Amino acid sequence: MQGCRRKRYTSMHQYLLMVVVAVVMFFPILWIILSSFKPMIEFSVFPPRILPSRLYWQNYAEVFANSKLLVYLRNTLILIVGNTIGTLLSSSMVAYPLARMRFKGREVIFSLILMTMMVPGYVTIIPQYVLFKQLGWLDTFLPIIVPAFFAYPYNVFLFRQFYRTIPRELDEAAKIDGCSEWGVFLRIIAPISRPIFITIGTLSSIFWWNEFFIPMVFINSEDLKPLSVGIYSFSRTTFVVRWDLIMAMATIMLLLPMALFLLARQYITEGIKTTGFK
Amino acid sequence: MSVRGASAPLFFFLLQVGSPVTRSGESRKAYLFVLPWILGFVLFTGGPILATIVLSFTKWDLIGFPNWIGLGNYARLFRQGSEFWIVLKFTAFYTVFSVAISVGWALFEAALLNARNIRGTSLFGFFYFIPAVVPMVALTFAFQLILHKELGILNYVLSLLGLRETPNWLVDPKLVVWVVVALNIYTFYAGQMMLIFDSALKEVPRELYEAAEIDGAGRFTQFLKITLPAISPILLFNLVTATISSLNTSFTLLYPLTAGGPGKVTQAISLDIYHNAFKTFRVGYACAESIILFGIAALASLLMFVLSKRWVYYEV
């Protein structure tokens, strides 16, 4: 009886703690959404109101009408599509021999791939900038999309992790039937690997929806900025900071990652978990 | 994902380096598959690192021709009273404490999600992970509102709790450095670590806890004696991941939130590189800073490997 009560007490305790942590983690997101429905005047009242006095949809109408939101959105979508196609094609291919073939230099290449994951992006950005300047690619989408076609190490790693779980008998059988390596890759490994394609496709979309630094460096024109940089530059163009409009824009920025996470939660979490294991 | 959203599985790889057995004829085919990465490595990673090293010995404004000045940039970086000392000091502070806080927090969240006799963990897991996938730049605007001295909800709540002098979170130089460190719990890598800890905790055999419970060990002792040793390889992996990622995400968190201010108190090296390279066009100087950053990242990962030999328990 005593023990039973103690258990109930600790689990109450635990629930409370879990709720507190959930509030801490979710509050900023909630605050963005709630604020997006407040008229500008309600950002300067004290004490701050938790709920907007009424749902002020005009913020959304105004942000669509008076900012480059649609242009930013189009640019972000271009970056997402380009990068995701690029990395899926190249990374799935590069990972194949690392997981399924034996060849000289495999270990060297694989450890180089892992090592490049440890290089901070700021270390390579200046020469990349110079290179793209020489090519005349500055202030276009090319510096942001083209590198994706040359396989990102993190994605190569995720593909390799997945390929290694596929039974070898499948390739062996196909090879006995006269399938080439490319045949095995395209007809057997790639179709089986659909889940990891979905995982990386989703992660890549979320990443490029959120990415701030790279477009900040390569894009200058207002008409080419993606959402992440666009919302930042919008916040700095108005004389008074228009919190109402910024929050409406920020709410729109929450939509895609949250939707993708809800739709593909299993794929995302399973994919990330494999990075922690051999 | 790019090179930057990365983690450090190199560590596990080094533990299990196998012997490469070559079957003749396969090599050339294999290299055809790997070719895109090799080209990418030369063009976008390896080549640029070498170029950064070379440029760090020059004075260059991106327009004319780089002037060789030897170690001049490094001498300027490390001369007495140089601003770079402030940048370096903050970067070290930021990295060490973001790692400590984000790793600790991720482990804490994962431990909560793995509590026995608790239902609904999947729902909680959703709330714990969701900030990781939304854009940091959007969150920084929320932080500015929430943390505002006069109008922010946090200070309002604190004043309700009886606090008279409410803090100026983002302006007080002593406070802001802690605020930006703490906000790392909302980053992608913090969420990533939470998921990895979560699955590591699920692997710890239940019987160990049951045995400890019979022996009368409390929750905390169980955590120290059973959980920590069991997940120590994962803990180390996450420490490496967090070190690299906190350096890597510093720009996205700091630039929209504080832009390095007030003054230069939150000017991390990433912001300084960006500023010097692309705003004031002191490219050689920025490259020298990049090389220092490269060294820090390499040293940090190396240090973790060395320490791992002592700390980490492996099942053989």
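## A first residue: D139 of chain A

Let's start with one residue. D139(A) is partly exposed, since 15 other C-beta atoms lie within 10 Å. The terms work like this: a residue is buried if 20 or more other C-beta atoms lie within 10 Å of its own, exposed if 12 or fewer, and partly exposed in between, with C-beta atoms placed from the backbone. D139(A) sits in the loop between α5 (121-134) and α6 (142-145) of chain A. Its phi is near 60°, a positive value in a residue other than glycine.

This is a predicted model, in which local features need pLDDT of at least 70 and side-chain atom pairs count only at pLDDT 80 or more, while totals for chains, interfaces and linings use all residues. Residues are numbered from 1 along each chain as its sequence is written, and chains are lettered from A and ligands numbered from 1 in the order in which they are written.

## Chain A as a whole

Chain A has 13 helices and 0 strands. Here helices (H or I, at least four residues) and strands (E, at least two) are DSSP runs, numbered from the N terminus. The radius of gyration of chain A is 24 Å, well over the 19 Å that the globule rule gives for 278 residues, so chain A is more spread out than a compact globule. That radius is taken over C-alpha atoms, and the rule is 2.2 Å times the number of residues to the power 0.38. Along its principal axes, the C-alpha trace of chain A spans about 75 × 75 × 30 Å.

Of the 278 residues in chain A, 49% count as buried. Two residues are in contact if their C-beta atoms, placed from the backbone, lie within 7 Å. Among contacts in chain A between residues at least 6 apart in sequence, 75% join residues at least 24 apart.

The contact between them takes 9 residues from domain 1 of chain A and 8 residues from domain 2 of chain A.

What kinds of residues does domain 1 of chain A bring to the side that touches domain 2 of chain A? By class, there are 6 nonpolar, 2 polar and 1 charged. In this scheme Ala, Val, Leu, Ile, Met, Phe, Trp, Tyr, Cys and Pro count as nonpolar, Asp, Glu, Lys and Arg as charged, and the others, Gly among them, as polar.

## A closer look at two helices of chain A

Helix α9 (residues 181-192) of chain A has 12 residues, which at 1.5 Å a residue should span 16 Å; its end C-alpha atoms are 15 Å apart, which agrees. The expected span is 1.5 Å times one less than the number of residues. Which residues of α9(A) are buried? They are E181(A), V184(A), F185(A) and I189(A). Seen down the axis of α9(A), the buried residues fall within an arc of 95°, so they line one face of the helix. The arc is that of the directions from the helix axis to the C-beta atoms. An α-helix has 3.6 residues a turn, so residues three or four places apart point the same way. The cover over the buried residues of α9(A) includes α3 (69-100), α7 (153-163) and α8 (168-176) of chain A, together with α2 of chain B.

F207(A) lies in helix α10 (residues 194-210) of chain A. F207(A) is buried, with 24 other C-beta atoms within 10 Å.

## Chain B and its meeting with chain A

Chain B comes to 13 helices and 2 strands, and buried residues make up 45% of its 316 residues. Where the chains meet, 91 residues of chain B are in contact with 86 residues of chain A. Helix α2 (residues 26-55) of chain B gives the most to the side of chain B that touches chain A, with 20 residues. The residues on that side of chain B divide into 66 nonpolar, 19 polar and 6 charged.

Helix α6 (residues 136-146) of chain B is mostly covered, with 10 of its 11 residues buried. Among them are M136(B), F141(B) and I146(B).

## A loop in chain B

The loop between α11 (219-257) and α12 (269-279) of chain B holds P262(B). A cis peptide bond joins G261(B) and P262(B), with omega about -5°. A259(B) is found in the loop between α11 and α12 of chain B. A259(B) has a positive phi of about 50° although it is not a glycine, and with 13 C-beta neighbours inside 10 Å it counts as partly exposed.
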